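Trainee: I have a model to go through. Can you take me through the labels and the rules behind them?

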Amino acid sequence: TATVREGKRFPCGLVQIEGATQIDAERLIQRLSQPYPSGDAILSYEMVNGIRKNRWVDESGSTKKLETPVWNQGKPTRFGTEDHLNQQLNNALRDLGFSQAEAEVKLVNDHEKATTTLLVLLKKEGKPDVVAEVVVKGLERNSVEQLLTHVGATRGMHANRQEIAKVVERL
C-alpha cells in the first residue's frame, strides 16, 4: 500500500495578463476574478425607491444569479483545471469583444506568498468584434436612423457585452 499525504493547496492569487495591446487587461482581470452574468443573461433594470438598479434576467424576465468568478481569489486552487480555465478565458474574451483571440492560461505557484497566480498569455488578440448589421423591426413613429442614433448603435461599432448592454439599456 502507498500512503499519500497531500499538503495544503495554495489559494487562488493574482491574475496577470501578458501580451495585451488592444484588449483592456484590467477589464479582463475583472471579468475573470469577479462574479459575471451568464452568456444568455439580458441586462434589465428596476426602480427601487426612486433609484434605478440594474439586474440580469432571462428571456422571461426572471432574475438570473451571477456566475461564480472564474478565478475565485482566496479560494483553493483546484488541480486539473487548466482546460476548464482555458474555456472560461475564451468566454471572457468573447464577452470583451475579442472572439478570435488566441490565448492560454498557466498556473504559477508563488511559494513566497503561498498562492497560485493565474497567468493569461495572449498569443494573438485578433481583430475586435464589430457590428456588421443592425436589423430593426416594428417601428411606426420613428425612422431606423433615429432609433439607432438614440441608442448609440452603428455598423462597425465594437461588439462586446458592455457596449451591447448599453444599447439595450437605452431602448
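Mentor: Start with Arg52: its charged end sits over the ring of Tyr45, 3.7 Å from the centre. The model is predicted, so local features need pLDDT of at least 70, side-chain atom pairs count only at pLDDT 80 or more, and totals for chains, interfaces and linings use all residues. Residues are numbered from 1 along each chain as its sequence is written, and side-chain values use heavy atoms, without hydrogens and water.

Trainee: What makes Arg52 sit "over" the ring of Tyr45?

Mentor: The rule wants NZ of Lys or CZ of Arg within 6 Å of the ring centre and within 35 degrees of the ring normal. Arg52 is at 3.7 Å. The charged end of Arg31 also sits over a ring, that of Tyr36, 3.7 Å from its centre.

Trainee: Why are helix 1 and helix 2 called oblique?

Mentor: They pack at about 130°. Under 35 degrees is roughly parallel, over 145 roughly antiparallel, 65 to 115 roughly perpendicular, the rest oblique. Therefore helix 1 and helix 2 are oblique.

Trainee: Which residues of helix 1 meet helix 2?

Mentor: Leu28, Arg31 and Leu32. Contact means heavy atoms within 4.5 Å.

Terms used:
Axes fitted to C-alpha atoms, helices over the stretch in contact; angles between N-to-C directions. Helix = DSSP H or I, 4+ residues; strand = E, 2+ residues; numbered from the N terminus.
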